[in-house]
Amino acid sequence: MNSFYQNYKGIIWLMTGIFAGSLAGLFFGEKVQVLKPVGDIFLNLLFTAVIPLVFFSIASAIGNLKETGKLSKMMAVMALVFLSTILISACLTIFAVKVFPVHETLSAVPLEEDIVKKPFGEQLTQLFTTSEFFELLSRKSMLAMIIFSVLTGFATLRSGESGKAFSGFLNSGNEVFKQIFILIMKLAPVGLGAYFAYQVGVFGPQLFGTYAHSLGLYYGTGAVYFIVFFSLYAFVAGGVKGFRKYWKHNIVPSATAIGTCSSIANIPANLEASSKIGIPDYIAKVTIPLGATLHKDGSSISSIIKMAVVFALFGKSFDNAETIAIALGMTVLISIVEGGIPNGGYVGELLLISAYGFPPEALPPAMIIGTLVDPMATLLNSTGDTVAAMLVSRFTEGKNWMSKAA
């Protein structure tokens with residue numbers, strides 16, 4: 001019994017904190033907002049540590065490669081895996097909407113946030129680059145920072161002997177920030193407990209109100225995708241062993257994702273889980289940080305639900321071929337451009353509203369649904385990166401990749 005506790009004490013304390021926070025939210029309602037700063041402190045610590053961790057992880061992983069051809073193959077496989085799982089989740093949701101139609105009577109809600117429309121070219125530029133080096137250090141420039149990390153890794157690789165000292169610096173930095181993450185996660189039972197209390201206390205009542213039907217559809221579809229499809233992906237990647245390893249090491253990442261509602265904050269937990277599963281370092285350290293910004297199965301599901309709700313609001317059919325084709329295309333685009341920051345940007349809602357030519361009144365319900373499904377969406381977005389990395393390992397390293405790792 002003592003050895004069991006020693007092996008799983010981190011998970012036990014984490015789940016205890018989450019359970020206690022959920023009960024507090026349930027019984028005390030909106031009064032638990034006083035606990036939100038505790039959760040914010042924990043989340044801010046994660047955010048400040050994750051930027052350098054991602055930089056050192058990606059740059060050191062690429063810089064340590066002996067052959068660039070391996071990386072090229074991995075990147076191609078990764079792109080196919082990301083695209084395939086996003087489309088699979090979207091198609092599953094379209095089927096769910098067909099079986100359980102959305103009939104909403106939602107009233108317009110005033111916007112609490114100003115949304116500035118920018119030209120597409122400007123948005124694209126800001127997505128991939130920054131005008132100053134220091135701007136790379138912001139989590140709002142995550143994709144630009146990842147691209148810079150990839151370039152740094154390739155430059156280190158090309159430098160050969162001259163870059164050995166810098167390669168050693170990258171490896172040391174990677175190890176140091178891994179340890180920083182371990183120290184921060186010791187606060188997780190308290191930090192995540194406070195966040196769960198806030199979410200249950202503040203957002204819980206809305207889940208059973210006006211949006212109950214669409215939210216039930218989202219959470220139901222998301223749960224099926226999480227349990228059934230992630231299990232299938234893990235089995236395809238590594239057979240029964242892959243299935244067992246994925247779920248054994250997916251507890252902490254899942255709890256962190258739900259508690260923080262941030263794919264970026266969950267990168268360290270996913271990297272640690274990937275290491276325990278046996279995913280090769282060069283795959284995990286590139287796929288998971290990139291996945292946090294580009295691979296969003298949860299956002300794919302929510303975008304379809306939002307479209308179905310908006311169509312229902314305006315009395316339009318959501319079942320003809322052209323509408324579904326546009327929906328699939330928009331889903332891929334939304335999953336790529338949405339950031340990994342909690343409730344950040346509302347870019348996805350703007351894209352889908354403008355794509356179908358709906359008036360501004362369609363935006364508030366879509367935004368509210370996006371906020372209320374954020375915990376489940378982040379769970380799917382983030383933990384889907386780990387199982388995606390397993391699939392990339394399977395198709396890059398071969399079917400015996402888990403034996404090689406062992």
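Predicted model: local features only at pLDDT ≥ 70, side-chain atom pairs only at ≥ 80, totals over all residues.
Visitor: What share of the contacts with a separation of 6 or more comes from residues 24 or more positions apart?

Guide: Such residues account for 84% of those contacts. One case is Ala194, in helix α7 (residues 188-207). Ala194 and Gly21 are 173 residues apart in sequence, yet their C-alpha atoms are 5.7 Å apart in space.

Visitor: Is Ala194 buried or exposed?

Guide: Ala194 has a relative accessibility of 6%, so it counts as buried. Beyond its neighbours within four places in sequence, Ala194 touches Leu35, Val38 and Gly39.

Visitor: How do I read the packing of two helices?

Guide: Take the angle between the axes and the distance between them, then list the residues in contact. A helix also has sides: with 3.6 residues a turn, residues three or four places apart point the same way. Now take α2 and helix α10 (residues 267-277), whose axes are 10 Å apart at an angle of about 40°. The two helices are therefore oblique to each other.

Visitor: Which residues make the contact of α2 with α10?

Guide: From α2 come Val50, Leu53, Val54 and Ser57, and from α10 come Ile267, Pro268 and Leu271. By class, six are nonpolar, one is polar and none is charged.

Visitor: How many residues of α10 are buried?

Guide: Eight of its eleven residues are buried, so α10 is largely enclosed by the rest of the structure. Among the buried residues are Asn270, Ala273, Ser274 and Ile277. After α10 comes Gly278, which has a positive phi, near 105°.

Visitor: What does α2 do at α11, and at roughly what angle do their axes cross?

Guide: The axes of α2 and α11 cross at roughly 140° and come within 9 Å. The crossing of α2 and α11 is left-handed. On the α2 side the contact has Val54, Ser57, Ile58, Ser60, Ala61 and Ile62, and they meet Asp281, Tyr282, Lys285, Val286 and Pro289 of α11. These residues divide into seven nonpolar, two polar and two charged.

Visitor: How does α11 pack with α16, and at what angle?

Guide: Helix α11 (residues 281-294) and helix α16 (residues 374-397) pack at about 135°, and their axes are 9 Å apart. That makes α11 oblique to α16. In this crossing α11 passes α16 in a right-handed sense. The residues in contact include Tyr282, Ile283 and Thr287 of α11 and Asp385, Thr386 and Ala389 of α16. By class, the contact has six nonpolar, five polar and two charged residues.

Visitor: Now the rings. What do I look at in a pair?

Guide: A pair of aromatic rings is described by the distance of the centres and the angle of the planes. The whole structure holds 15 aromatic pairs. In one of them, Phe56 and Phe177 have ring centres 5.7 Å apart and planes at 20°, so the pair is stacked. Phe56 lies in helix α2 (residues 36-63) and Phe177 in helix α6 (residues 164-185), so the pair ties together parts 121 residues apart in sequence. Phe56 is buried, with a relative accessible area of 10%.

Visitor: Why is the pair of Tyr225 and Phe230 edge-to-face?

Guide: Their planes stand at 65°, with the centres 5.3 Å apart, so the pair is edge-to-face. Tyr225 is buried, at 0% relative accessibility, and Phe230 is buried at 0% as well.

Visitor: Which residues do ring pairs link into a cluster?

Guide: The cluster consists of Phe55, Phe56, Phe133, Phe148, Phe166, Phe169 and Phe177.

Visitor: One last residue. Where does His249 lie?

Guide: His249 lies in the loop between α8 (212-248) and α9 (251-260). Its relative accessibility is 18%, and buried means under 20%, so His249 counts as buried. Apart from neighbours within four places in sequence, His249 is in contact with Ala273, Lys276 and Ile277.

Conventions:
Residues numbered from 1 in each chain as written. Heavy atoms only, no water. Axes fitted to C-alpha atoms, helices over the stretch in contact; angles between N-to-C directions. Helix = DSSP H or I, 4+ residues; strand = E, 2+ residues; numbered from the N terminus. Parallel < 35°, antiparallel > 145°, perpendicular 65-115°, else oblique. Left-handed = near helix turned anticlockwise from the far one by under 90°. Contact = heavy atoms within 4.5 Å. Nonpolar A, V, L, I, M, F, W, Y, C, P; charged D, E, K, R; others polar. Buried < 20%, exposed > 50% of the residue type's maximum accessible area, 1.4 Å probe, protein only. Phe/Tyr/Trp six-rings, centres within 6.5 Å; stacked < 30°, edge-to-face > 60°.
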